[in-house]
Amino acid sequence: HFFAFFPYFWSGLGMARPLCFVEEEFAEEKFSAASFVAGKRRMVHVETLHKDLLAYCEHLQEEVVHSIHTDLYDSFLSVSGRLAQLEGDLKRLSSSLPEMLGRLDKATTRVESSRE
């Protein structure tokens, strides 16, 4: 898989080669896209830079998707656990409900008979 070799780019020849940049370059406080491109053009062909940037973009998109799926899965497990607990609570409540209704009916009957 491509990302097992990152920061390497899977070339069309079936071989991995290093990218012409490291991702830390983008995190620099004074990062300038124009300066970045100008500097890289002195070292590599524009086509190589373009392919590497596309590969890096694809990598970032995969990372975002993976992160979203992981977060959603964790949220799903959390909600699923809460629903299971709620289901247990509702079953306990519903099992005692007929008994409580019976007591209420008896109490209502006693109140009504005491009024007569």
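In which helix is the place of Met100? Met100 lies in helix H2, residues 46-115, where helices (H or I) are DSSP runs of at least four residues, numbered from the N terminus.

The model is predicted, so local features need pLDDT of at least 70 and side-chain atom pairs count only at pLDDT 80 or more, while totals for chains, interfaces and linings use all residues. Residues are numbered from 1 along each chain as its sequence is written, and side-chain values use heavy atoms, without hydrogens and water.

Met100 belongs to a nonpolar surface patch that also includes Val79, Leu83, Leu86, Leu90, Leu93, Leu97, Leu101 and Leu104. Together these residues have about 830 Å² of accessible area, computed by the Shrake-Rupley method with a 1.4 Å probe and, for residues, only the protein chains shown as cover.

Buried means under 20% relative accessible area, exposed over 50%, and partly exposed in between.

| Residue | Relative accessible area | Class |
|---|---|---|
| Met100 | 42% | partly exposed |
| Lys40 | 8% | buried |
| Cys20 | 13% | buried |
| Cys57 | 36% | partly exposed |

Lys40 is found in helix H1, residues 33-41. The Lys40 side chain reaches the backbone oxygen of Cys20 at 3.2 Å. Leaving aside residues up to four places away in sequence, Lys40 touches Cys20, Phe21, Glu25 and Leu49 (contact: heavy atoms within 4.5 Å).

The structure holds zero disulfides, a disulfide being a pair of cysteine sulfur atoms within 2.5 Å.

Methods: Patch = residues over 30% accessible without salt bridge, like charges linked within 9 Å, V, L, I, M, F, W, Y side chains within 5 Å. Salt bridge = Lys/Arg side-chain N within 4 Å of Asp/Glu carboxyl O. Helix = DSSP H or I, 4+ residues; strand = E, 2+ residues; numbered from the N terminus. Buried < 20%, exposed > 50% of the residue type's maximum accessible area, 1.4 Å probe, protein only. Polar contact = N/O pair within 3.5 Å; in protein donor to acceptor, adjacent residues only side chain to side chain.
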